Structure formats: C-alpha cells, structure tokens
Amino acid sequence: MRNPTTRRGLFAAGATLAVAGAGLAIAHRPATESTIEPAAHYAPLTPCTTKKITPEQMEGPFYRPSSPQRIDLVESGISGALLTLTGQVMTKDCRPVPGALLDFWQADRHGDYDNGGYRLRGHQFADVDGCYRLQTIVPRSYDGTGGFRTPHIHLHVQRPGGKLLVTQLYFPGAIKAYGMDIDGTNKVDFLFDPELLVQLKAVEGNSFRACFDFVIE
Ligand SMILES: [Fe+2]
C-alpha cells in the first residue's frame, strides 16, 4: 500500500519543480539540489483499480468455533511440507482492513481434520496495514462425504463488525507435496475455483511461500 506521505511528497516535489521552472523563466534562478532532487526519489503512483470481491465457498462440515489465536499452526506433532501464506485484506477500492479476522482450518498431511481438538486450526487479526501471515503445512487431498477434495484451506474473513466471508484457498501444481499432482486434483474437485488459487512465491526444498489478498465488502 502506498503511504499517503508519499503522495504528499510527490505533490510537494511537483510544486517545487513548478516554482523552480517559474523562477528560471523570470529571474534565471539556478536550479539547486533542493529543487531537482525530490521528483527523482518517488516512484510513479500506481492507481488503484477496483477489485473484485473474493468469491465465497461453502463452509463444509469441519468448522469448529473458538479456535486458538495464533499465526503458527505447526505445533508439536504436526509434520508435512511447510507453507508460509501471506497477504492483505482490503476493500474493493484498495483500502486495507486493519483488524480483520482470519480464521483458518485445514486437513493435515494425511487428509484428516482434527474434529475433537484444534490441530491445524487458528485465528488471527490483520495488522494496521491489513496484512496477515499464516505458518502451516500443505494439506493433502481427501475423499469426503460430499466428494473428492483437492488440497485446500478453509477460512473465514471478516472486518470488525462486518459481513462474514466464508471461502477456501487452493494451490497451483507447482506445489509438490506428498507426491500429489495438484493440477490434476484441482480439475476433478467439484468446488475448485481458479480465482482462489494462492500465488506461489518461492520453493525452498520442501517448504513453500505463497500469497493471497482478500477483497471484502
Ligand atoms: Fe475441507
């Protein structure tokens, strides 16, 4: 997100250059470092383009309320391909949503949910810039009562006092974990939505970094 002070700085720089130009035309005032330096130090503004609300998906049968507040789900006894997921919660007009709730739950490396406890479950709140970070593992695909499921992470996203978004995130085939062909399993999952694919950022051995930005009402 662009800092508002950057906009003020750019405006001030432009004003300085305009004044400097006027000065040169009228009084032949020489350009000084202070009149030419600022504009070169600010990148061009990237205009916000209106964003589409993140698609909703079914909650499924495995949600449990009152998950612990934590960003790291890799507690003792959890093993698998490590996944660091980061991103931002924002509005359609690109404003960050500080304090947004993100409540995650997922299957483990065997495709099983912990339905008696809170393994691989946790909630957190976005920071002042609407940013979040989740440390977890890649879940495995599974055969559920409703049909075959490709690897996915369930979550709730909600601005303070706002409408609840229930959705799921999916993975690209470049994530190689547990011998899965995720491109193949994505094709046969009845809920898979390519708009909900995380973006793979880095692969380090059996660890993956990915990002996904949420757009909410
Ligand atoms: Fe699921």
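Mentor: Helices (H or I, at least four residues) and strands (E, at least two) are DSSP runs, numbered from the N terminus. This is a predicted model, in which local features need pLDDT of at least 70, side-chain atom pairs count only at pLDDT 80 or more, and totals for chains, interfaces and linings use all residues. Residues are numbered from 1 along each chain as its sequence is written.

Trainee: How many helices and strands does the protein chain have?

Mentor: The protein chain has 3 helices and 11 strands. Along the sequence they follow the pattern α-α-β-β-β-β-β-β-β-β-α-β-β-β.

Trainee: What is the mean pLDDT of the protein chain?

Mentor: pLDDT is the predictor's confidence in each residue, from 0 to 100. The mean for the protein chain is 84, and 78% of its residues reach 70 or more. Over residues 1–41, however, pLDDT stays under 50. For that stretch the model has 24 contacts beyond four places in sequence; two residues are in contact if their C-beta atoms, placed from the backbone, lie within 7 Å.

Trainee: Which order do the strands of the open sheet have?

Mentor: Two strands pair if DSSP finds at least two bridges between them. Here an open sheet of 4 strands has the order 3-2-7-8, with antiparallel pairing.

Trainee: Why is one side of strand 3 and of strand 8 left without a neighbour in the sheet?

Mentor: Strand 3 (121–125) and strand 8 (164–170) stand at the edges and have a single partner strand each, so one side of each lacks a neighbour in the sheet. Strand 2 (residues 101–106) runs antiparallel to strand 3 and is joined to it by 5 bridges. Within strand 3, histidine 123 is the bridge partner of aspartate 103.

Trainee: Is leucine 120 buried or exposed?

Mentor: A residue is buried if 20 or more other C-beta atoms lie within 10 Å of its own, exposed if 12 or fewer, and partly exposed in between, with C-beta atoms placed from the backbone. Leucine 120 counts as buried because it has 24 C-beta neighbours inside 10 Å. Tyrosine 178 has 17 other C-beta atoms within 10 Å and is therefore partly exposed. Of the 217 residues in the protein chain, 27% are buried.
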